[in-house]
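Here is a quick tour for anyone meeting this protein for the first time. Have a look at the model, then read on.

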Amino acid sequence: MLFDFIGNVASKEDRISIAFVVANKGTAEPFLTLHYDEWICVKKGKILFENEGGNVTAAAGDTVFIKVGIL
């Protein structure tokens with residue numbers, strides 16, 4: 001479930017994306033290169049971020065910053 005508040009879909013803004021996402025356990029996303037900075041705040045559970053530089057796990061209460069061009 002995705003609710004896009006600010007970003008290409010909702011506001012045609014291409015510098016930032018603000019969305020509320022509910023991802024069920026086992027959900028996976030394909031590899032992508034971001035064209036904007038992204039902040040992710042984990043409200044519940046854990047997220048595993050995998051990239052060539054190594055893996056990072058973020059848990060509830062953590063905030064992750066992904067710089068443009070990374071991930």
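Going along the sequence, the protein chain runs β-α-β-β-β-β-β. That makes one helix and six strands, where helices (H or I, at least four residues) and strands (E, at least two) are DSSP runs, numbered from the N terminus. Keep in mind that this is a predicted model, in which local features need pLDDT of at least 70 and side-chain atom pairs count only at pLDDT 80 or more, while totals for chains, interfaces and linings use all residues. Residues are numbered from 1 along each chain as its sequence is written, and side-chain values use heavy atoms, with hydrogens and water left out.

**The chain overall**

The protein chain has 71 residues, and 13% of them count as buried. Here buried means under 20% relative accessible area, exposed means over 50%, and partly exposed is in between (1.4 Å probe, protein chains only). The chain exposes about 5,900 Å², with carbon and sulfur atoms supplying 58% of that. Accessible areas come from the Shrake-Rupley method with a 1.4 Å probe, and for residues only the protein chains shown count as cover. As for contacts (heavy atoms within 4.5 Å), take those in the protein chain with a separation of 6 or more: residues 24 or more positions apart account for 27% of them.

**The core**

Which residues make up the largest nonpolar core? There are seven: Leu34, Ile40, Val42, Phe49, Ala58, Val64 and Ile66. A nonpolar core is a set of buried Ala, Val, Leu, Ile, Met, Phe, Trp, Tyr and Cys residues joined through side-chain atoms within 4.5 Å. In soluble globular proteins, nonpolar side chains tend to be buried together.

Ile40 touches Ile47, Phe49, Asp62, Thr63, Val64 and Ile66, if you skip residues up to four places away in sequence. Phe49 sits in strand β4 (residues 46-51), and it counts as buried because its relative accessible area is 11%.

**An aromatic pair**

The structure has one aromatic pair. Its partners are Trp39 and Phe65, whose ring centres are 4.6 Å apart with planes at 45°, so the pair is tilted. It connects distant parts of the chain, as Trp39 is in strand β3 (residues 38-41) and Phe65 is in strand β6 (residues 63-66), 26 residues apart. For the record, rings of Phe, Tyr and Trp (its six-membered ring) pair if their centres lie within 6.5 Å; planes under 30 degrees apart count as stacked, over 60 as edge-to-face and the rest as tilted. Trp39 is exposed, at 58% relative accessibility, whereas Phe65 is partly exposed, at 39%.

Is Glu38 buried or exposed? Its relative accessible area is 19%, so Glu38 is buried. Neighbours within four places in sequence aside, Glu38 contacts Val64, Phe65 and Ile66.

Tyr36 is in the loop between β2 (18-21) and β3. With the neighbours within four places in sequence left out, Tyr36 is in contact with Asp14, Arg15, Ile16, Ser17, Ile66 and Val68.

**Far in sequence**

The table lists some residue pairs with their separation along the chain and their C-alpha to C-alpha distance.

| Pair | Along the chain | C-alpha to C-alpha |
|---|---|---|
| Glu38 and Ser17 | 21 residues | 6.7 Å |
| Tyr36 and Lys67 | 31 residues | 7.2 Å |
| Thr27 and Ile47 | 20 residues | 9.5 Å |
| Phe49 and Glu29 | 20 residues | 9.9 Å |

Thr27, listed above, lies in the loop between β2 and β3 and is partly exposed, at 46% relative accessibility.
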